[in-house]
Amino acid sequence: MALIKDTSVEEVKAASDVVAVVSGRTQLRKAGPRYVGRCPFHEERTPSFSVNPVEKFYYCFGCGAKGDVITFVRETEQLDFAGAVEWLADRFNVQIEYEETTPEQDARRRRRERLLELLDAAATFYERYLWDSQAGSLARDYLAGRGLNEEVCREYRLGLALGGTTLARKAFERGFTREELAAAGLVNRRGNDYFSGRLLFPLADARGRVLGFQARKLREDDPMRAKYVNSPEGELFRKGDMLYGLDRARAAIAKQERAVVVEGNTDVLALRQAGVEPVVASMGTALTDRQLKELGRLTKRLWLCFDGDAAGEAATLRGMELAAAQGFEVHVVALPPGLDPADLADGFEQRLGSAESYLLYRTRIEIERAADRQEAFVRVRDVLARFEDSPQRQDAIRFAADKLDLPKETQAGLAPRVASPTTGQVSPRLLDAGARLERHALAGVTAHRSLVPILAELGPEHFDSEEHRQLREQLVAGGELDPELDARAASEGIDARTAEELLLRLRERRIRRELADADPARTLELQATLARIRAAIEELASAQPISR
Ligand SMILES: [Zn+2]
């Protein structure tokens, strides 16, 4: 498959009718200059999905899904970029042209395809050994002992590596080279099979293409000591990117609007077998930034399940904190020490139902770990200060106040000020008043680009959040429009005058802050400026009543 020319991509975009495309997935109705409907990416009753027919992009206020018409086709038809462009070209009768590729590009693409083909063939080969060979009985017994049935093991393509050069020889027969085997992480430096006498879990990308394996030890005389060994990192395989089982769980995660994250691969299988479908394993105790990004495209609600011993470890807590800071709604399921989800698969839904919010969980841990009441108070206060107010935060405050037996006056000191989050994506529902002002102003400028010069004049120091400073920069530089801001302007009914007022309000806020700690010499000048800004706001308001 060759590369599509950029001009063709533009032509296809121009010819596509985004409303018609989206209408194939959900019913849309016109609302002002936009179309709205129920989101095709998450289950909802009230429409929060907004389509801009002119700019041809969409945004969902519920799940944050956003993109242009090509992204939409990629996501809903499960196609890659080129596939989505071809799909649209076909539908809207555009003749597409392909880039003349250089021999190097061709070679690179062929190489990648070869390695993927090799890894897939290896997975099939290992599968056959697990189910059909005499030597597979040990592994089959192990799986049966864990209560995993053949059906679910086959669904996840579990396999068995015999070792020696069994796989390598088979691959040579099919025309693969030793160098290709090494690049795919399937042989070691001596040319022997990388995995020997181990149960294999294929690790696939979101589209189900096998990129590597995780291998579990089955016998004590295994020369590799570790219980689990992964494919070596290489051209295709990067451990920190992977979530085990994501390809199988994708649809269920999006549909049920939740992801259950467990530690072990067998936990994924056990839960899946027990009917819990949106489940993945983290390949380690701490969630990484990239894993969260991948999950965030599907849901903002996570249930993190940990063995009671692992749950309190620093790395685990970091992963949870990272998720919470990125606007995920995080629930923690701490299992009794020594037990894992596979042991508790039946009735697991109930455990999920009674999970604690991350904040409550973290508050409890901090209290448990503190040497005395005073230290507990400080620890809890520091945790709470990092989060905006929410029902979960209120629960945590009540819990701490009760646990530490705090009188009413002291409770306020537990959660003195709500800090606005400065990292990661902000959940649209969680904005505080200040952040909302900034975001609405940016949305206003996105929708009314004649205001860009005013925004340019309004320096980045007018925005508290790093994300907003970046969005401002992007707007001023004439970069790509942000679908979320665009949809926000429409749904909030921010017209040009309102947008201008919001920009003035940002200026007003800044001057007010300066006034708060200005020396007397500057006070008068600042007050005069403030008066001017307020007059300008009045004037705008009287020119046309502002609908909020
Ligand atoms: Zn949605």
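The structure is a predicted model, and the values below are computed from it. The zinc ion is held by Cys 39, His 42, Cys 60 and Cys 63, while strand E12 (residues 301–307) is joined to strand E10 by three bridges and to strand E13 by seven.

**Zinc site**

- The donor atoms are SG of Cys 39, ND1 of His 42, SG of Cys 60 and SG of Cys 63, and they coordinate the zinc ion at 2.1 to 2.3 Å.
- The angles among the four donor atoms run from 101 to 117°, and the site of the zinc ion is tetrahedral; for reference, the ideal angle for four tetrahedral donors is 109.5 degrees.
- Along the sequence, the donor residues follow the spacing C-x2-H-x17-C-x2-C.
- Because Cys 39 sits in the loop between strand E2 (34–37) and strand E3 (49–52), whereas Cys 60 belongs to strand E4 (residues 57–60), the pair ties together parts that are 21 residues apart in sequence.
- Cys 39 has a relative accessible area of 7% and is buried, and Cys 60, at 0% relative accessibility, also counts as buried.

**Strand E12 and its partners**

- Strand E12 (residues 301–307) is largely enclosed by the rest of the structure, because six of its seven residues are buried.
- Strand E10 (residues 259–262) runs parallel to E12 and is joined to it by three bridges, with Val 260 standing opposite Trp 303 in E12.
- Strand E13 (residues 329–335) also runs parallel to E12, here with seven bridges, and Glu 329 in E13 is the bridge partner of Arg 301.

Conventions: Residues are numbered from 1 along each chain as its sequence is written. This is a predicted model: local features need pLDDT of at least 70, side-chain atom pairs count only at pLDDT 80 or more; totals for chains, interfaces and linings use all residues. Side-chain values use heavy atoms; hydrogens and water are left out. Donors are N, O and S atoms within 2.8 Å of the metal (3.2 Å for Na, K and Ca); water is not among the atoms, so sites may look incomplete. Four donors count as tetrahedral if all angles lie between 85 and 135 degrees; four count as square planar and six as octahedral if opposite donors are over 155 degrees apart and all others between 65 and 115; anything else is irregular. Helices (H or I, at least four residues) and strands (E, at least two) are DSSP runs, numbered from the N terminus. Buried means under 20% relative accessible area, exposed over 50%, partly exposed in between (1.4 Å probe, protein chains only). Two strands pair if DSSP finds at least two bridges between them.
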